[in-house]
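Here is a colleague's note for someone opening this model for the first time. Please keep the structure in view while reading.

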Amino acid sequence: MSAGSEAAAQVWRAVLLMLASACLFGCMAVVIRLASAQLHPFEIAFFRNLFGLVFALPLLLRHGSGLLKTSKLPLYVFRSAIGIVSMLCGFWAIVNLPLAQAVSLSYSTPLFVTIGAVLVLGEVVRARRWTAVALGFVGVILILRPGAEFSPGVLVALLAAALSAAVAISIKFLSRTEKPDAIVLYTTLLWVPMSLLPALWVWENPQGVTWLWIVLAGFFGTAGHMCWARALKLGEASMLTPISFLQVPIVAAAGYLLFEEYLDAWIVAGAAIIFFANAYIAHREAQLARRAVTDPEIAREPPAPR
């Protein structure tokens, strides 16, 4: 196979993996809502992590115990602690808000990542990306339905997105030295005990079909994360980020068919604006990354303060 054919095949693999990731994460949101007919979202989060760990254990069998060797355990604990709060908020939002609204607000995470990259990583963000961030937050405001009665639940969804941005920034630190599979496995290992504590306060033994929903939540979550990580390893974020937005119409259709939730114009308009803002941010970051590699003047610059 020629180099060009191999590159094209890699691009298609990345696209298919990101499509699979979007579908899997969308399905996870749906089964979380289905499980909430009996269980509190905090307990659903625990079972998602418990069964997610079961589905992640083959990584340990594949790589051996050496995968767990690390000098960054404190950072793993910090990243997981923030991540579990983000997950609890996100699961609460999925259960208590319309699915399309909750998932659309979750896509504000890249906006918070851009802000965090400036404050924490010392990255330089210029006018065009700041404009995209500002437009993205206009989309968030539209999803909040101007003129409608304010729901405190949307603040929980935005908190989940902001904390998810903090997790993404911590992953940037970890990925400098840690393998992607190690990050997935360590995170899942730590999330199980961390999510058990809040689950115990609202504990109720799962019954009947609820067991199916929580097992599927673990499978969809872990499989979606693996597909997402591998897609980003094979392809550029500027190409793949728009594909991940397929999750929004998936959950919107499920919300309509299963829960009689109707998609209003505010959510559609807001989600569209967030989509284009995220696509531009990803495109711009990819441009700057390529320029840093190919421009000798940039390549000689010292790294930004961390």
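The points below go from the whole chain to single residues.

1. Basis of the note. This is a predicted model, in which local features need pLDDT of at least 70 and side-chain atom pairs count only at pLDDT 80 or more, while totals for chains, interfaces and linings use all residues. Residues are numbered from 1 along each chain as its sequence is written, and side-chain values use heavy atoms, with hydrogens and water left out.

2. Overall make-up. The protein chain has 14 helices and 0 strands. Helices (H or I, at least four residues) and strands (E, at least two) are DSSP runs, numbered from the N terminus. Contacts are counted when heavy atoms lie within 4.5 Å. Among contacts with a separation of 6 or more, 91% join residues 24 or more positions apart.

3. Burial and surface. How much of the chain is buried? Of its 306 residues, 45% count as buried. Buried means under 20% relative accessible area, exposed means over 50%, and partly exposed is in between (1.4 Å probe, protein chains only). The chain exposes about 15100 Å², and carbon and sulfur atoms supply 70% of that area. Accessible areas come from the Shrake-Rupley method with a 1.4 Å probe; for residues, only the protein chains shown count as cover.

4. The main core. In soluble globular proteins, nonpolar side chains tend to be buried together. Here the largest nonpolar core has 59 residues. Such a core is a set of buried Ala, Val, Leu, Ile, Met, Phe, Trp, Tyr and Cys residues joined through side-chain atoms within 4.5 Å. Ile-32, Tyr-76, Phe-91 and Leu-105 have the most contacts inside it. Helix α9 (residues 180-201) gives the most to this core, with 9 residues. Apart from it lies another core, of 6 residues, including Val-15, Met-18, Ala-231 and Leu-240.

5. Ile-32 and Phe-91. Ile-32 is found in helix α1. Its relative accessible area is 0%, so Ile-32 is buried. Beyond its neighbours within four places in sequence, Ile-32 is in contact with Ile-44, Phe-91, Ile-94 and Val-95. With neighbours within four places set aside in the same way, Phe-91 is in contact with Met-28, Ile-32, Pro-41, Ile-44, Ala-45 and Arg-48. The C-alpha atoms of Ile-32 and Arg-48 are separated by 8.8 Å, with the two residues 16 apart along the chain.

6. Thr-188 lies in helix α9. It is buried, at 6% relative accessibility. Leaving out neighbours within four places in sequence, Thr-188 is in contact with Asn-49, Gly-52 and Leu-53. Gln-101 lies in helix α5 (residues 99-106). Gln-101 also counts as buried, at 5% relative accessibility.

7. The salt bridge. How many salt bridges does a search of the whole structure find? It finds 1. The term covers a side-chain nitrogen of Lys or Arg within 4 Å of a carboxyl oxygen of Asp or Glu. The partners are the side chains of Arg-33 and Glu-261, at 2.6 Å from N to O. The pair links distant parts of the chain, 228 residues apart: Arg-33 is in helix α1 (residues 3-35), and Glu-261 is in the loop between α12 (247-259) and α13 (265-294). Both residues, Arg-33 and Glu-261, are buried.

8. Glu-260 is exposed, with 64% relative accessible area. Its phi is near 55°, a positive value in a residue other than glycine. Tyr-256, Leu-257, Leu-258 and Tyr-262 form a nonpolar patch on the surface, with about 520 Å² of accessible area together. Patches are made of residues with over 30% relative accessible area and no salt bridge; like charges are joined within 9 Å, nonpolar side chains (Val, Leu, Ile, Met, Phe, Trp, Tyr) within 5 Å. Tyr-256 is found in helix α12 and is partly exposed, at 46%.

9. Cysteines. A disulfide is a pair of cysteine sulfur atoms within 2.5 Å. The search of the whole structure finds 0 disulfides. Cys-23 is partly exposed at 32% relative accessibility, and Cys-27 is partly exposed at 30%.
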